[in-house]
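Hello,

Here is the structure I promised to pass on. Please open it and keep it beside you while you read my notes.

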Amino acid sequence: MQPFKAPRITVLLQTFDAKGIMRFPSDPEGFFGLTRFVEPTLAVSKQAQIIAAKALGRSELADRIEPIIVVEPPLKAEGKEPSLLYLMKVDPAVAQGASDWLRIVDILRALPQGSVRVAYNKAMQVFAGTLHDEFSILEMDEEVQKRLTQLMAENGPDLVK
């Protein structure tokens, strides 16, 4: 049984819709993904598989949903209990995601600056297969974003290469 460092688990399940767009089921409350209380008597990986299978509406698929990684440190935000971010994926040949589920870009845009956004950025790296690539995340204030948008409008989308 895996030890857990938070009272909750948030499963971020990578699926693909019928058009091949990466989608993630999410609860309306908690962190983005599927947030549940951890059951101390059951392995966290098994709990994550069960949670993901229920989101797909196919409990028989629990053993076919692949655990990927637990993102460290646990998610923490004011007014919310800490939660492990557990990344999982399902083979598109086995199950598809719904077209109204969130895309990773929807999740990242909705998050405020801070450690939670960094954790979801790390999740994006994992799902993109670039976890060990070196890159930097730069937060832009409104003034810089406005100026960059203006420069791109004047010079075309290939302004930055």
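First, a term you will need: two strands count as paired if DSSP finds at least two bridges between them. Keep in mind that this is a predicted model.

**Strand pairing**

Start with β1 and β5. They pair in the parallel sense, over 7 bridges. Look for L13: its bridge partner in β5 is M88.

Now turn to β4, which covers residues 65-77. It pairs with β5 too, but in the antiparallel sense, over 8 bridges. E66 stands opposite K89 of β5. The hairpin of β4 and β5 has 2 residues between the strands. In this hairpin, G79 takes a positive phi near 85°.

**Nonpolar cores**

The largest nonpolar core has 21 residues. Those with the most contacts inside it are I9, V11, L13, L56, I65, M88 and V90. Which elements give two or more residues to this core? They are β1 (8-16), α1 (44-56) and β5 (80-90). The helix α1 gives the most, with 6 residues.

Go back to L13 for a moment. Leaving out residues up to four places away in sequence, L13 touches R23, F24, P25, A52, L56, I65, M88, K89 and V90. So that list includes M88, the bridge partner of L13 in β5.

There is also a second, separate core. It has 17 residues, among them F31, L75, L111 and A119.

Best wishes

Methods: Residues are numbered from 1 along each chain as its sequence is written. This is a predicted model: local features need pLDDT of at least 70, side-chain atom pairs count only at pLDDT 80 or more; totals for chains, interfaces and linings use all residues. Side-chain values use heavy atoms; hydrogens and water are left out. A nonpolar core is a set of buried Ala, Val, Leu, Ile, Met, Phe, Trp, Tyr and Cys residues joined through side-chain atoms within 4.5 Å. Buried means under 20% relative accessible area, exposed over 50%, partly exposed in between (1.4 Å probe, protein chains only). Helices (H or I, at least four residues) and strands (E, at least two) are DSSP runs, numbered from the N terminus. Contact means heavy atoms within 4.5 Å.
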